[in-house]
Amino acid sequence: MSSETHVPKSLASLTIDERANFCFGCGPDNPQSLHLSFQLDSADPQNITATATVNLTRLHQGPPGYLHGGIIAVLMDEAMSKLNRPLDLLAMTRNMEVDYLRPAPIDTPLRLVARHLRRDGRKLYHSAELIHPDGAVLARAKGFFLVINPSVIDPSVLAPS
């Protein structure tokens, strides 16, 4: 099988994490999930984006009143991973770099935007930003994802529950 083998059509619109239903970022069956919901825009194949509104609470706090850096990293990874869906590829994070520019407040509707940058064979390059309502960029990330063969994923986690 090639590294770009596709999943069954009945599951094709869902990411691996959504099919497993227990993803920490978006899994509907995980009571501890962040329950992120993304809007995908692939109208322009050269400018594919994934966008979500994030409004987290003190359960996700690091310094008093602000999001924990690890939670911000999860947000960035989750947003960038959603870009693989409109590319019709199964890919996993290989490397991610996050720049924390300003503290990200809790109990504030923040905008999370990811953009596909380019593809080089099995390598996908994405970026993401966490943006305050006033337009200030709070964090910025770059990610390198590798396209994988779906056969490496345990089929029992891909079945809908």
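Helices here are DSSP runs of H or I with at least four residues, strands are DSSP runs of E with at least two, and both are numbered from the N terminus. What you're looking at is a predicted model, where local features need pLDDT of at least 70, side-chain atom pairs count only at pLDDT 80 or more, and totals for chains, interfaces and linings use all residues. Residues are numbered from 1 along each chain as its sequence is written, and side-chain values use heavy atoms, leaving out hydrogens and water.

**The sheet**

Let's begin with the strands. An open sheet is built from 6 strands in the order β1-β2-β4-β5-β6-β3, with antiparallel pairing; two strands pair if DSSP finds at least two bridges between them. β1 and β3 sit at the edges, each pairing on one side only. From one strand to the next, the twist averages 20°.

Here are some of the antiparallel pairs:

| Strand pair | Bridges |
|---|---|
| β2 and β4 | 6 bridges |
| β4 and β5 | 9 bridges |
| β3 and β6 | 9 bridges |

Alanine 50 is bridged to alanine 114 in β4, leucine 112 to leucine 130 in β5, and aspartate 99 to arginine 140 in β6. β4 and β5 also make a hairpin with 2 residues between them, and glycine 121 in the turn has a positive phi of about 65°.

**The helix and the core**

Now for α2. This helix lies across β1, β2, β3, β4, β5 and β6, running at about 50° to β6. Axes are lines fitted to C-alpha atoms (for helices, over the stretch in contact), and angles run from 0 to 180 degrees between N-to-C directions. Contact means heavy atoms within 4.5 Å.

The largest nonpolar core has 33 residues, and Leu67, Leu75, Met76, Leu112 and Leu130 touch the most other members. Such a core is a set of buried Ala, Val, Leu, Ile, Met, Phe, Trp, Tyr and Cys residues joined through side-chain atoms within 4.5 Å. α2 gives this core its largest share, 7 residues. Leucine 75 touches Leu34, Leu36, Val54, Leu56, Leu67, Leu112 and Leu130, if you skip residues up to four places away in sequence.

**Out at leucine 40**

Leucine 40 belongs to strand β1 (residues 39–41). Beyond its neighbours within four places in sequence, leucine 40 is in contact with Thr49, Ala50, Lys82, Arg85 and Pro86.

Terms used:
Buried means under 20% relative accessible area, exposed over 50%, partly exposed in between (1.4 Å probe, protein chains only).
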